[in-house]
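Hi everyone, thanks for making time this morning. I'd like to walk you through one model, so let me put it on the screen.

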Amino acid sequence: ATVLCARAAAEPEPQSSNGPVKKSMREKAVERRNVNKEHNSNFKAGYIPIDEDRLHKTGLRGRKGNLAICVIILLFILAVINLIITLVIWAVIRIGPNGCDSMEFHESGLLRFKQVSDMGVIHPLYKSTVGGRRNENLIITGNNQPIVFQQGTTKLSVESNKTSITSDIGMQFFDPRTQNILFSTDYETHEFHLPSGVKSLNVQKASTERITSNATSDLNIKVDGRAIVRGNEGVFIMGKTIEFHMGGNMELKAENSIILNGSVMVSTTRLPSSSSGDQLGSGDWVRYKLCMCADGTLFKVQVTSQNMGCQISDNPCGNTH
């Protein structure tokens, strides 16, 4: 609260026997000028000292002011990010006065791209279809990267030098017009045949009853490391000519017997041999001789002396050697 105080000079007017003496116009002007001069030079007139801490403060001060500044800065950052996203969407989708120039949205859920689109990863919805126009080809190009189609554990990878399909649950190819199955891995229902034009099949492990080739071509099985052929009820290898080429060892195991029916030829150029000066009992080597019965049964005989033959007491061939 303020109290205004007006201070004026109260000087007694001159008196005479006939009454108060009237002042002239000049004296009144000088008196009025002196009063105004004194009033203008007195800056403390009409004010009293007040403690500002006890006054009611208005506006945002202290923590509220700092919080308000932080909120304003955050809103500014969000506005800048929103502007950047809007510019990117406008540049990619090419939104113009006539709508979107690069794609169309239909009520049926169809999304149609009208221009060449550059994408990284596409995640279609459940039971979605990716296709092209009726009279145009759908061209998908990978820039120095393979094109991969994946659904669950099934993956189709198209590269510059090969196309691979991997699946843990199997696969089948059929003609969409006739619904005829061209290729299937359902071996219980369909017999496995290589599609026309496919010359080789690369697998890590295969379980089947038999592997055959047609009558005019050879069946070649090649491996980079170790090949294991195992049969629960035996392994039967039949052919006009059977050749085994190995870079390491060849091991034949059987619970009962191993039967080689036909002419058997073994190339000894790569078989290990001892020099003439070595003694049979020297070193840690144990030597065996491979023997064969007339019916094709193979058995081994440990070599204990020079010029030792296949005549042993427990000969599996019986009387026929």
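Let me begin with strand 12 (residues 288–292) and strand 13 (residues 298–302), which pair in the antiparallel sense over 5 bridges. Strands here are DSSP runs of E, at least two residues long, and helices are runs of H or I of at least four, numbered from the N terminus. Two strands count as paired if DSSP finds at least two bridges between them.

A word on the ground rules: this is a predicted model, local features need pLDDT of at least 70, side-chain atom pairs count only at pLDDT 80 or more, and totals for chains, interfaces and linings use all residues. Residues are numbered from 1 along each chain as its sequence is written, and side-chain values use heavy atoms, with hydrogens and water left out.

Back to that pair: cysteine 291 stands opposite phenylalanine 299 in strand 13. The two strands form a hairpin with 5 residues between them, and glycine 296 in the turn has a positive phi of about 95°. The charged end of lysine 300 sits over the ring of tyrosine 288, 4.8 Å from its centre; the rule asks for NZ of Lys or CZ of Arg within 6 Å of the ring centre and within 35 degrees of the ring normal.

Next, strands 7, 8 and 9. Strand 7 pairs with strand 8 in the antiparallel sense over 5 bridges, and 2 residues lie between them in a hairpin, where glycine 152 in the turn has a positive phi of about 65°. Strand 8 also pairs with strand 9 (residues 163–166), antiparallel over 4 bridges, and a hairpin of 4 residues joins them. What stands opposite leucine 156 in strand 9? That is isoleucine 165, while phenylalanine 149 stands opposite leucine 156 in strand 8. Lysine 155 has threonine 166 as its bridge partner in strand 9.

Now the second largest pocket, with about 2,500 Å³ of space. A pocket is an open set of points on a 1 Å grid over the protein atoms alone, where a 1.4 Å probe fits, with protein on both sides within 12 Å along at least five of seven lines; lining residues have an atom within 4 Å of a point. Its lining has 48 residues, with Met119, Ile122, Val130, Leu138 and Ile140 nearest the centre. Strand 7 gives the largest share of that lining, 5 residues.

Finally, the UniProt annotation "transmembrane region", from an unreviewed entry, covers residues 67–93. Over those residues the chain is 100% helix and 0% strand, with the end C-alpha atoms 39 Å apart. Such annotations may be inferred rather than shown by experiment.

Notes: Grid points are joined across faces, edges and corners, and a volume is the space filled by probe spheres set on the points.
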